Amino acid sequence: MSTLRSRLPAVTGHRLFWPLVVLVLLIAANTVYRPSFLSVELKNGHLYGSLVDILRLSAPLILVALGMSLVIATGGIDLSVGSVVAVSGAVACLYISKQPDQNSLGGVVTALALAFGVALLLGVWNGTLVAVIGIQPIIATLILMVAGRGLAQLVTQGQIITVNSDPYRTIGVGHLVGLPFAIIVALAVTLLVAVLTRRTALGMIIEAVGGNAEASRLAGVRARRITLLVYVVSAACAGIAGFMMTANVSSADGNAAGLWVELDAILAVVIGGTSLAGGRFYLGGTIVGALLIQTLTTSVYAMSIDPQTALLFKAVVVIVVCLIQAPAFRARLRRRAATPTPPTTPAEQQKEQVPA
Amino acid sequence: MSQRHPVLTMTAISKIFPGVRALDGVDFRLFPGEVHALMGENGAGKSTLIKVLTGVYGTDAGTVTLDGARVSFTGPMQATAAGVSTVYQEVNLLPNLSVAENIFIGREPRRLGVVDWRAMRRRATELLARIDLHIDVTELLGSYSLAVQQMVAIARAVDVRARVLILDEPTSSLDADEVAQLLRIMRQLRDDGIAILFVTHFLDQVYGIADRITVLRNGRLVGEWPTAELPQLALVEKMIGKELDALESIDADAGNDPEAVAAGPPLVTAEGLGRTGSVAPFSLTIHQGEVVGLAGLLGSGRTEVARLFFGADRADQGQLTVDGTPTTIRNPVAAIDRNIAFCSENRRTEGLVGELTVRENIILAMQAARGWLRPVPRRRQDELVQRWIEALSIRPANPDLPVRNLSGGNQQKVLLARWLITEPRLLILDEPTRGIDIGAKTEIQRLVVKLADGGMAVLFISAELEEVLRLSHRVAVMRDRQMVTQLTNDDTLDADRVMNAIASGGHEEGAPA
Amino acid sequence: MTTTPLAARADRAWWRVPPRHVPVLATLALLLVMYGVGVSQYRAFSNVQVVFNIFIDNGFLLVVAVGMTFVILTGGIDLSVGSVVAMTAMVSASLLRSGLPPALVLLIALLIGPTLGFAMGCVIHFFDIQPFIVTLAGMFFARGMCTWISASSIPITDGFWTTMAQERIRIGESFVSISVLIAVAVVLLAAFVLAYTRLGRNVYAIGGNPQSALLMGLPVARTKIAVYTISGLCSAIGGIMLSFYTLSGAPLIAVGMELDVIAAVVIGGTLLTGGSGYVFGTVLGVLVLGVIQTLITFDGTLNSWWTKIVIGGLLFAFILLQRLVGIRKK
């Protein structure tokens with residue numbers, strides 16, 4: 001009993017505790033509403049089911065949120081990801097639609113490479129504004145957030161470009177070894193980012209810059225290069241997400257593709273426990289956050305509530321999560337709950353354990 | 001003067017922070033119409049005393065009386081309302097508003113509830129004319145020099161009927177003419193009967209204007225003297241103190257004779273190196289295996305010298321030579337490339353990344369030098385981190401603890417370890433022993449001696465003269481942002497001579513008083 | 001884009017323009033140039049009604065931008081404005097449909113925005129959460145409310161609303177709508193508040209340096225909460241004006257409007273970091289956006305997306321200009 005009581009704060013205090021609780025509750029609610037929710041079946045060697053759908057649909061958000069995690073870890077923010085999604089999707093679809101044979105794999109690959117290159121360029125633009133010119137990230141990326149939509153529409157000439165390309169469709173809805181292709185791509189990019197940041201020293205250096213920029217400079221870290229790099233990575237992730245989103249519907253709409261995705265991505269990162277002030281980032285947390293948001297959206301669809309009304313729930317989640325994480329709010333709670341057992345923060349606990 | 005009553009009396013003030021007794025039974029009094037200098041080194045308790053007075057901190061013991069009535073302010077706003085105004089070094093005004101508004105915001109003259117701009121301008125002009133400042137009050141405050149801004153801040157403070165004016169290092173960033181003008185204004189206000197509490201590190205200014213001096217050291221009151229009765233050398237002695245040396249003696253001179261070390265090959269030579277507004281051009285050579293101490297009071301330019309060597313600030317004049325090759329060190333990366341390392345005095349803001357672990361903080365500089373694509377292999381990390389945790393006895397010996405959870409002394413050792421693993425040839429240590437316990441202090445001093453014996457050059461900065469003398473082969477003396485002299489640490493050099501050099505600005509050599 | 005800072009520097013040399021006025025003057029110059037281009041290219045452009053139409057079409061944008069100016073002057077940001085505009089229009093339309101008297105509907109609709117703004121201001125100040133995140137939640141909330149009220153557009157047939165929509169006030173040969181008068185009134189009132197009241201001056205003070213403002217004894221908490229409430233009120237007024245203009249409440253109207261609003265404020269010379277800017281500049285910023293749209297409409301060959309690209313380009317130019325002015329001040 002006593003061990004349980006002493007362990008409990010360690011569990012509830014973990015940064016992923018509340019997000020996971022909400023995720024489980026959502027899944028439970030869905031299952032109650034529709035018992036078949038949890039079932040996964042194998043048809044023609046492919047997995048189907050609501051859970052698989054949620055995973056597949058959350059793939060683009062996971063990608064964008066991964067890039068956003070790195071940007072936020074440096075103490076920045078990238079508002080332009082939605083526009084980058086739209087531009088890269090538009091460029092890819094435009095190129096494919098101009099091909100004589102839209103099903104040619106070579107054409108599709110060229111299209112992807114072209115669009116990816118454009119996304120990288122946009123990332124360099126953001127990174128240059130922030131790291132070289134020194135404009136506040138929120139303002140610097142606002143420029144591309146506004147202008148990028150226009151660029152995307154310029155590419156599509158204001159039309160919705162429809163493509164009829166099987167290889168391209170695969171990115172969104174296809175399967176590979178039984179799993180939706182999008183999930184595999186998301187998984188691959190996640191692994192890549194994880195390796196890039198955790199197998200090299202990049203992650204630590206990003207965290208050092210975000211945690212204390214001046215101390216990092218005095219330790220010889222070239223903060224500018226790192227900052228530029230994270231905006232490029234963010235744009236690259238958004239670019240791939242753009243392929244998925246447009247491939248999902250086999251069409252590119254410069255106006256609607258990736259709308260609000262920057263907000264969802266920021267939300268996912270924050271839910272995952274990464275502080276908007278920069279410093280430590282948690283890729284795993286970000287993915288839980290993205291899944292939570294997608295599950296919420298899907299549940300709302302499934303319960304045939306208007307998708308826009310899902311925003312109401314989202315608003316509640318944003319505020320609750322931010323309040324829980326806000327030091328000022330925690331302090332207030334603690335003062336009010338001046339009960340015999342004051343809540344213990346993980347840091348305090350560690351400190352107590354150390355001398356032993 | 002003796003007939004008058006003090007406008008402000010602080011009696012037996014104590015203030016305890018976790019682990020530190022910041023103020024210990026300090027008395028302080030301030031008479032109307034006097035300029036009273038509050039002196040002391042880092043950690044003496046000056047700023048704590050001011051913060052207690054203005055209500056930023058509460059007291060743990062003691063009383064504050066203003067005009068005979070006991071007061072206890074809850075914050076600077078309340079203190080200002082009661083007539084105790086503070087003007088800080090970094091002017092706490094609004095650069096984006098006009099001069100006139102900065103004087104009157106929050107209490108603008110109004111007509112029918114509407115801000116009366118014309119009256120505000122007129123009154124601001126009049127007010128500034130009284131302190132002989134004739135400027136366009138409609139211009140933005142930010143378009144004027146810091147000196148003018150400071151004077152505007154004083155004008156605002158005076159206009160809210162301040163009887164006690166606290167000037168906290170107002171002259172730190174001003175040039176000579178500006179200081180002269182500020183001192184003139186202070187004299188004028190004094191003659192109007194305002195009591196001025198003046199904190200500064202410039203001895204000339206103290207002797208130029210202060211009527212009385214109160215000295216604090218290590219949170220205790222050393223004493224209060226009329227300026228005329230306290231010669232400069234005595235003041236420096238009182239501020240720095242001659243600590244009863246609780247440390248074991250460290251045999252610094254045994255290994256290397258200062259003359260022998262200085263005859264060796266020079267590692268780094270600065271010629272006329274300087275930075276406008278920060279430190280006057282100076283020349284200094286540091287040899288291999290030599291410990292050069294920088295002595296001087298707080299704010300004398302010690303840290304600024306260190307920052308120029310490391311490229312933390314860019315020098316705008318002079319030449320730096322490393323290993324006989326002239327070089328420019330534009331940034332820390334360039335300095336690290338040349339095997340120069342720098343432990344800042346501000347561990348928290350300029351040294352460690354609090355969120356990161358001990359391990360990450362230790363390898364940060366090495367990793368930054370290698371580039372992120374070539375991570376230090378985990379095994380090598382373990383080896384290095386473990387070795388230095390043991391060598392410096394960092395406690396707790398857990399490399400995966402966030403560094404912010406460590407005590408000050410252990411944080412300092414982590415910072416040292418970060419640079420030692422890069423195997424620097426010149427190690428710059430800025431106040432490495434400040435705010436840490438005596439055991440850690442001895443360990444760090446021993447380490448410095450050992451490193452120098454091994455051939456490393458060390459630039460050692462400390463407010464404690466005893467420490468500088470114990471470790472250094474040579475002592476460069478700083479005063480008022482200038483390097484005034486360099487003294488070889490032979491048998492004849494003692495604390496008195498160094499203090500004399502600080503007090504006299506290098507024209508010592510005469511017999512000390 | 002590159003000539004703007006140079007031109008500004010030349011201005012300074014000739015007439016000694018204070019740096020703080022450079023961005024506003026640059027916007028004014030830009031506006032005049034664009035108008036000149038319009039007049040020289042298209043005969044119909046010189047008609048005074050073209051100018052009035054810009055006001056008629058952008059009146060609600062102007063009012064919302066005025067509210068945003070208050071927020072940005074304190075160094076904050078309000079992302080919720082577009083959703084609050086839509087929500088106000090939706091609430092009005094649905095209440096009118098349910099038969100409430102127009103006066104009561106107006107009152108309720110005008111209360112919702114400021115209430116939400118007040119709540120957001122409180123969270124921002126007391127819990128010290130970034131305005132960006134809090135107003136983002138506000139944006140989600142208000143947009144969610146819209147569709148919760150109705151998933152489809154609700155027409156307004158009320159007599160008062162139709163009168164307000166159709167009433168035309170003749171000025172010489174031309175005319176304006178009642179919304180334009182409301183917008184002008186809001187602009188004048190806001191300019192007065194910012195220049196001549198303590199609240200207005202405190203807004204600038206907080207944007208300049210919140211710590212200093214606190215040390216100088218200014219009511220920081222009250223002022224911060226007030227600006228979000230004012231922004232909410234302006235959005236509510238903007239929402240009502242939009243419902244006059246469209247005679248309906250639509251759940252997806254004014255999506256992304258916050259970006260136009262922020263762009264207008266920045267192009268109008270207000271520093272996004274706070275502390276410097278004028279309502280007059282915001283008026284110019286909104287007019288610049290309006291003239292761009294009008295030019296593109298007149299041209300006929302240019303497409304609407306050019307508006308966004310041009311706005312993005314202008315944003316970049318003005319942010320760069322702000323930085324240059326800031327650097328020179330140092």
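## A walk through the chain contacts and the core

Let's start where chains A and C meet: 31 residues of chain A and 37 residues of chain C take part in the contact, with two residues counted as in contact if their C-beta atoms, placed from the backbone, lie within 7 Å. This is a predicted model, in which local features need pLDDT of at least 70 and side-chain atom pairs count only at pLDDT 80 or more, while totals for chains, interfaces and linings use all residues. Residues are numbered from 1 along each chain as its sequence is written, and chains are lettered from A and ligands numbered from 1 in the order in which they are written.

On the side of chain A that touches chain C, α6 (137-156), α14 (310-325) and α15 (327-336) of chain A each give at least two residues; helices here are DSSP runs of H or I, at least four residues long, numbered from the N terminus. α6(A) brings the largest share, 13 residues. By class, that side has 23 nonpolar, five polar and three charged residues (Ala, Val, Leu, Ile, Met, Phe, Trp, Tyr, Cys and Pro count as nonpolar, Asp, Glu, Lys and Arg as charged, and the others, Gly among them, as polar).

Chain C also touches chain B, with 20 residues from chain C and 18 residues from chain B. On the chain C side, α9 (198-208) and α10 (210-215) are the elements giving two or more residues, and α9(C) has the largest share with six. The classes there are seven nonpolar, nine polar and four charged.

Now for the inside. The largest nonpolar core has 387 residues, and those touching the most other members include Val64(A), Ile205(A) and Ile428(B). Such a core is a set of buried Ala, Val, Leu, Ile, Met, Phe, Trp, Tyr and Cys residues joined through C-beta atoms within 7 Å, where buried means 20 or more other C-beta atoms within 10 Å of a residue's own. Helix α11 (residues 223-249) of chain A gives this core its largest share, 17 residues. Beyond its neighbours within four places in sequence, Ile205(A) contacts Val221(A) and Ile226(A), along with Gln367(B), Ala368(B) and Trp372(B).

α11(A) also packs with helix α3 (residues 50-73) of chain A: their axes come within 8 Å and cross at roughly 175°, the axes being lines fitted to C-alpha atoms over the stretch in contact, with angles from 0 to 180 degrees between N-to-C directions. Therefore α3(A) is roughly antiparallel to α11(A), a label for angles over 145 degrees. Val64(A) and Leu63(A) are among the contact residues of α3(A), facing a set from α11(A) that includes Val233(A) and Cys237(A).

Conventions
Buried ≥ 20, exposed ≤ 12 C-beta atoms within 10 Å, placed from the backbone. Parallel < 35°, antiparallel > 145°, perpendicular 65-115°, else oblique.
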